[in-house]
Amino acid sequence: MIRVENLIKQVNGTRILRGVSFAVAPQTVLGVIGASGSGKTTLLRCLNGLERIDGGLIECDSIRLETNLSAHEYARRVKELRRKIGTVFQHLYLFPHLTVLGNIIEAPVHVLRVPRRKAESEASELLNAVGLKEKARRYPESLSGGEQQRVAIARALAMHPALLMFDEPTSALDPKRSAGLRSLLRGFVERGHTMVIVSHSIGFLEGLADNLLYMEGGEVVESGETDQILNSPKDPRTMDFVEQAK
Amino acid sequence: MIAVTLAATLFSFSSARAQQPLRWGADPSGGAPYVFNDPNHPDQYIGYEKEMADALAAAMGRRPEFVPSDWETLVSALGRGSFDVIINGLEPTADRLKQIQFSKPYYIFQLALTVRNSEQQIHSLADCRNRVVGTLGNTAASRLLEKEGVPLRGYADPVAAYRDLELKRIDAVLMDVPAEVFYVSKSKTLKRAGEPFFRGTYNIGLRKGDDALKAEVDAGIDKIIRDGTLEQILRKWNLWNDAQTELQAQIRAGQNVNVANELTSSSFNWREAIWRLARAAVVTVLVAFGSMIIALFLGLPLAVGQSKGPPWLRWLCTIYIEFFRGTPVLVQLLFLYFGLPTIGLAMPGWLTALVGLGLNYAAYESQVYRAALEAIPRGQWEAAYLLGMNPLLAFRRIILPQAFRIALPPMTNDFVSLFKDTSVAYAISVWELATAYRELANASGQFLLLGVAVSLFYLAMSLPMAHLARRLERRLQRREAIQAVEAEIV
């Protein structure tokens with residue numbers, strides 16, 4: 001699905017990512033864990049093209065991002081890449097001037113040129129799936145944090161992405177709502193979605209992620225199946241992190 | 001008490017009569033040939049009335065002291081005591097006689113009609129029924145035009161009137177002969193239409209009750225006529241003619257001079273005044289709305305250009321914004337009205353005001369837009385990009401609607417002040433509310449009541465705007481507030 005090789009990103013001469021490599025197979029979930037400042041969020045921003053990479057490559061289906069591309073060509077490929085990747089930000093960034101329904105159909109109608117009526121019926125299905133059927137006409141500000149997050153998920157899914165990425169999805173949720181989100185996402189995985197989830201909450205990823213990747217200081221310390229990373233990590237740094245997180 | 005008396009005695013001793021000034025007021029701006037700034041020595045005043053005032057003061061044994069003032073408010077300034085006499089080609093009209101008194105006449109003026117050299121159809125005032133004739137506001141000429149039912153445009157100075165005639169903004173100019181002689185004899189593009197007609201006198205204006213001064217002034221006029229000084233001055237300025245010979249003969253003979261003035265200014269009519277104010281209010285509304293629309297449409301690209309454009313565009317936008325914010329709007333309007341025609345772009349006054357204020361306010365609105373755009377979090381842009389939108393679509397559908405809501409309150413504020421700023425259009429002879437007030441109030445002396453009426457007109461226009469803006473804002477907020485409350489209950 002997506003493959004990252006020796007990815008390097010530097011900001012003002014400081015290397016934020018120092019050669020990150022991994023791959024995500026279709027219909028699997030990769031959890032990216034690590035302390036704050038380990039480069040997790042920057043990794044996501046490189047994957048969806050918000051940051052230009054300084055080394056290595058990103059490959060998603062047949063689209064390759066490399067450093068030797070012209071600015072124009074890079075931008076063109078990022079555009080294609082974004083058609084395949086949906087992102088749910090930590091801060092969501094719902095559009096406050098549009099209703100819940102408006103948030104969801106905005107891109108399908110104006111980017112994909114789906115007829116409004118068709119987009120609306122698809123959006124209703126998505127809202128149904130995330131349990132917000134009754135709130136289609138509301139404005140985001142009037143929703144709770146958990147509801148807003150589900151609107152953001154529906155908004156991303158409305159573009160039919162092959163890969164869905166989350167940045168700290170549980171940061172604003174209480175444990176009960178975290179569990180609710182986890183079962184919602186698990187449902188999407190069972191229907192064939194692929195996901196990359198950046199989170200510091202190991203509890204949330206347990207039983208959701210197929211594989212885990214532990215980052216520290218812009219490097220991948222260890223990656224493997226979730227069970228293995230959580231129960232028998234090979235690297236002492238992973239062990240420390242997992243111990244503390246538990 | 002003794003000290004005061006002593007001081008007064010000392011004062012009257014120390015200041016001989018020769019030291020006592022004759023403070024005379026006139027409007028020197030565009031005031032040729034009466035009194036105006038010497039083009040060769042701009043800090044000095046010249047003109048035939050300047051020379052006459054000097055001669056008159058000498059004849060009275062006083063020292064002349066010129067107080068530059070404003071034509072429209074000469075009478076009220078005299079009443080306030082800014083100066084003691086008006087010497088500015090002032091005619092003793094019925095409504096002026098209610099407020100001040102006049103000396104004996106010193107000059108008989110006639111009116112002359114001026115047209116462009118190419119004009120074939122206008123030979124007299126009778127040919128102007130369906131044309132627009134320019135003249136100075138509140139003069140014998142303007143009253144004659146009103147009485148004859150000729151469409152007129154009032155100007156603050158003759159230069160502007162003749163220039164607009166050259167630029168074909170008007171079809172003819174009716175002006176007192178002294179001004180006409182001075183401007184038209186030098187012009188290559190304008191000519192006199194028909195012979196000068198109508199007769200009226202110029203007299204010196206004094207406060208009511210200043211009878212001793214009036215006697216002194218009358219004696220002074222007698223003196224400069226008898227000794228030929230006035231004739232000499234008038235000849236020098238090409239203003240000597242048969243009418244003056246007649247006038248001076250009568251004065252020499254000690255006769256009472258009475259020029260039959262066919263023209264009594266119509267007495268003040270409130271109904272007509274309100275009607276004229278209402279028409280001026282329509283112009284004000286038109287100019288305010290038109291320029292706000294320009295400002296809103298032009299302000300946005302300026303804001304975007306200044307913050308997101310390539311360096312050369314940023315520079316251009318910044319120069320535009322700083323230029324329009326850093327120079328007075330009055331100067332900008334004068335430039336557009338009088339400057340642009342020299343490169344062949346002559347707009348009528350109301351359009352100049354509309355465009356000028358629009359360009360000016362665009363600079364201010366651009367800063368409102370910019371602040372509003374900067375207030376939108378970067379994440380909104382990124383969210384839009386990640387949904388596949390290009391920058392233009394993201395801007396139009398996501399960023400602009402949010403920014404507009406932030407910008408709405410300051411923009412309404414600006415609009416209300418734009419409403420009031422339309423009054424600068426007075427400078428380019430647009431008949432909007434402030435101009436209407438000045439002219440009607442000066443003609444009638446009803447400063448107080450007309451002031452109240454004009455304020456009511458302004459309020460009647462700006463209050464609904466403020467109200468509408470508040471409702472709009474509240475509606476935007478309420479929609480969210482209601483839902484927030486609903487969410488709490490659920």
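Two residues are in contact if their C-beta atoms, placed from the backbone, lie within 7 Å. The model is predicted.

**Exercise 1. The interface**

Work out how many residues of chain B are in contact with chain A, and describe the chain B side.

Step 1. Apply the contact cut-off. On chain B, 20 residues are in contact with 22 residues of chain A.

Step 2. α15 (378-386), α16 (391-421) and α18 (447-489) of chain B each supply at least two residues of the side that touches chain A.

Step 3. The chain B side has nine nonpolar, five polar and six charged residues.

**Exercise 2. A helix pair in chain B**

Decide how α13(B) and α14(B) are oriented to each other.

Step 1. Packed helices are described by the angle between their axes and the distance between the axes.

Step 2. Read the values. Helix α13 (residues 329-339) and helix α14 (residues 349-374) of chain B pack at about 135 degrees, and their axes are 9 Å apart.

Step 3. Classify the angle. Over 145 degrees would count as roughly antiparallel, and 65 to 115 as roughly perpendicular. α13(B) and α14(B) are therefore oblique to each other.

Step 4. The crossing of α13(B) and α14(B) is right-handed.

Step 5. List the contact. α13(B) contributes B:Val329, B:Gln332, B:Leu333, B:Leu336 and B:Tyr337. Residues from α14(B) include B:Gly349, B:Thr352, B:Leu357 and B:Asn360.

Step 6. Sort the residues of this contact. Seven are nonpolar, five are polar and none is charged.

**Exercise 3. A sheet in chain A**

Find which strands stand at the edges of the six-stranded sheet of chain A.

Step 1. Write the order. The open sheet of chain A runs β6-β7-β8-β3-β9-β10, with mixed pairing.

Step 2. Take the ends. β6 (85-88) and β10 (219-225) of chain A each have a single partner strand, so one side of each is left without a neighbour in the sheet.

Step 3. From one strand to the next, it averages 15 degrees.

Step 4. Zoom in on one pair. β7 (residues 163-167) and β8 (residues 194-198) of chain A pair in the parallel sense over five bridges. A:Leu163 stands opposite A:Thr194 in β8(A).

Step 5. α5 (residues 145-157) of chain A lies across β6 and β7 of chain A, and runs at about 170 degrees to β6(A).

**Exercise 4. The outline of chain B**

Compare the radius of gyration of chain B with that of a compact globule of 490 residues.

Step 1. Take the reference. The globule would have a radius of gyration near 23 Å.

Step 2. Take the chain. Chain B has 29 Å.

Step 3. Check the spans. Along its principal axes, the C-alpha trace of chain B covers about 100 × 75 × 45 Å.

Key:
Residues are numbered from 1 along each chain as its sequence is written. Chains are lettered from A and ligands numbered from 1 in the order in which they are written. This is a predicted model: local features need pLDDT of at least 70, side-chain atom pairs count only at pLDDT 80 or more; totals for chains, interfaces and linings use all residues. Axes are lines fitted to C-alpha atoms, for helices over the stretch in contact, and angles run from 0 to 180 degrees between N-to-C directions. Helices (H or I, at least four residues) and strands (E, at least two) are DSSP runs, numbered from the N terminus. Angles under 35 degrees count as roughly parallel, over 145 as roughly antiparallel, 65 to 115 as roughly perpendicular and the rest as oblique. A crossing is left-handed if the near helix is turned anticlockwise from the far one by less than a right angle, and right-handed if clockwise. Ala, Val, Leu, Ile, Met, Phe, Trp, Tyr, Cys and Pro count as nonpolar, Asp, Glu, Lys and Arg as charged, and the others, Gly among them, as polar. Two strands pair if DSSP finds at least two bridges between them. The radius of gyration is taken over C-alpha atoms; the globule rule is 2.2 Å times the number of residues to the power 0.38.
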